[in-house]
Amino acid sequence: VEPPSTEAIDIFLAKVNKVGGGLTLDQALHGSDLFLYGRGLDAEDAKVVAYIITANPKLQVVDLGFNNVSDLGATILFPALQHHEILTKVWLYGNGIGDHGAAAIGASLKHDESLQTLVLSQNKIGNAGAAHIADGLRANSVLSFLSLTDNLIGDVGALAISYALSHNSAVTAVNLGGNNLTEDANQLDDARLHTLHKHRTSDE
């Protein structure tokens with residue numbers, strides 16, 4: 001990932017520090033976590049975050065919940081994520097990510113060897129996006145917890161996820177509560193697939 005311009009970094013830090021905190025680029029490049037919840041970050045800011053991810057080998061947790069990363073931002077972030085060796089938790093709930101962004105996420109999961117928790121709740125991922133993520137799950141052997149609650153996933157997407165789980169022994173829970181599922185989907189036979197009700201955890 002190419003280093004962002006000074007202007008892009010300044011804009012990013014201004015948004016991050018608008019509610020306090022005083023984060024500097026140096027701190028972001030050397031810390032073990034990056035908590036950027038609700039800072040109004042968009043796809044342009046995702047370029048800075050992607051740079052931080054690739055340039056900081058100590059980074060373990062990234063929280064980008066309730067921003068405006070969008071599909072474009074997801075396509076920027078996840079190619080950077082898949083090469084990190086110790087990044088284990090990523091929160092991207094409430095970011096307007098749809099099926100196009102989910103395609104990038106699925107592609108990343110095929111190669112990622114560190115990510116254990118991925119929260120994608122309250123986005124706009126539908127059946128096509130769920131299928132892309134399912135493709136990634138079939139090839140992934142590290143991810144253990146995936147939350148897709150409150151998206152736009154129907155029975156077809158849930159079935160794709162369920163099929164992926166039959167080829168994946170690492171995943172312990174996938175949350176699909178709050179989607180567009182019928183009773184048929186709620187009967188899918190995998191104890192790890194939580195469909196009708198949210199299986200609440202501290203990571204959700």
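## Helix H3 against helix H4

In this predicted model, Ala-43, Ala-46, Lys-47, Val-49, Ala-50, Ile-53 and Thr-54 of helix H3 are in contact with Ser-70, Leu-72, Gly-73, Ile-76, Leu-77, Ala-80 and Leu-81 of helix H4. By residue class, the contact of H3 with H4 consists of 10 nonpolar, 3 polar and 1 charged. The two axes come within 9 Å and cross at roughly 10°. Angles under 35 degrees count as roughly parallel, and H3 and H4 are therefore roughly parallel to each other.

Helix H3 also holds Asp-45. With a relative accessibility of 2%, Asp-45 counts as buried. Apart from neighbours within four places in sequence, Asp-45 is in contact with Ile-11, Phe-12, Lys-15 and Gly-40.

## Helix H4 against helix H5

Helix H4 also packs with H5, at an angle of about 10° and with the axes 7 Å apart. That angle makes H4 roughly parallel to H5. On the H4 side the contact is made by Asp-71, Ala-74, Thr-75 and Phe-78. On the H5 side it is made by Asp-99, His-100, Gly-101, Ala-104, Ile-105 and Ser-108.

The residues of the H4 and H5 contact divide into 4 nonpolar, 4 polar and 2 charged. For the contact of H3 with H4, the corresponding division is 10 nonpolar, 3 polar and 1 charged.

## Aromatic pairs around Tyr-37

A search of the whole structure gives 3 aromatic pairs. In one of them, the ring centres of Tyr-37 and Phe-66 are 5.8 Å apart and the planes stand at 85°, so this pair is edge-to-face. Tyr-37 is in the loop between strand S1 (33–35) and helix H3 (43–55), while Phe-66 is in the loop between strand S2 (61–63) and helix H4 (70–81), so the pair ties together parts that are 29 residues apart in sequence. Tyr-37 has 43% relative accessibility and counts as partly exposed. Phe-66, at 35%, also counts as partly exposed.

Tyr-37 forms an aromatic pair with Tyr-93 as well, and this one is tilted, with 6.2 Å from centre to centre and 50° between the planes. Tyr-93 lies in the loop between strand S3 (89–91) and helix H5 (99–109), so its pairing with Tyr-37, in the loop between S1 and H3, ties together parts that are 56 residues apart in sequence. The relative accessibility of Tyr-93 is 13%, and Tyr-93 counts as buried. Through ring pairs, Tyr-37, Phe-66 and Tyr-93 are linked into a cluster.

## Positive phi in loops

Phe-66, a member of the aromatic cluster, has a phi near 50°, which is a positive value in a residue other than glycine. Its position is in the loop between S2 and H4.

Asp-150 is not a glycine either, and its phi is positive at about 55°. Asp-150 is located in the loop between strand S5 (145–147) and helix H7 (155–165).

## The chain as a whole

The secondary structure of the chain consists of 8 helices and 7 strands. Along its principal axes, the C-alpha trace spans about 50 × 30 × 30 Å. For 204 residues, a compact globule would have a radius of gyration near 17 Å, and the 16 Å of the chain agrees with that.

Buried residues account for 51% of the 204 residues. Among contacts in the chain with a separation of 6 or more, 82% are between residues 24 or more positions apart.

Definitions and conventions
Residues are numbered from 1 along each chain as its sequence is written. This is a predicted model: local features need pLDDT of at least 70, side-chain atom pairs count only at pLDDT 80 or more; totals for chains, interfaces and linings use all residues. Side-chain values use heavy atoms; hydrogens and water are left out. Rings of Phe, Tyr and Trp (its six-membered ring) pair if their centres lie within 6.5 Å; planes under 30 degrees apart count as stacked, over 60 as edge-to-face and the rest as tilted. Helices (H or I, at least four residues) and strands (E, at least two) are DSSP runs, numbered from the N terminus. Buried means under 20% relative accessible area, exposed over 50%, partly exposed in between (1.4 Å probe, protein chains only). Axes are lines fitted to C-alpha atoms, for helices over the stretch in contact, and angles run from 0 to 180 degrees between N-to-C directions. Angles under 35 degrees count as roughly parallel, over 145 as roughly antiparallel, 65 to 115 as roughly perpendicular and the rest as oblique. Contact means heavy atoms within 4.5 Å. Ala, Val, Leu, Ile, Met, Phe, Trp, Tyr, Cys and Pro count as nonpolar, Asp, Glu, Lys and Arg as charged, and the others, Gly among them, as polar. The radius of gyration is taken over C-alpha atoms; the globule rule is 2.2 Å times the number of residues to the power 0.38.
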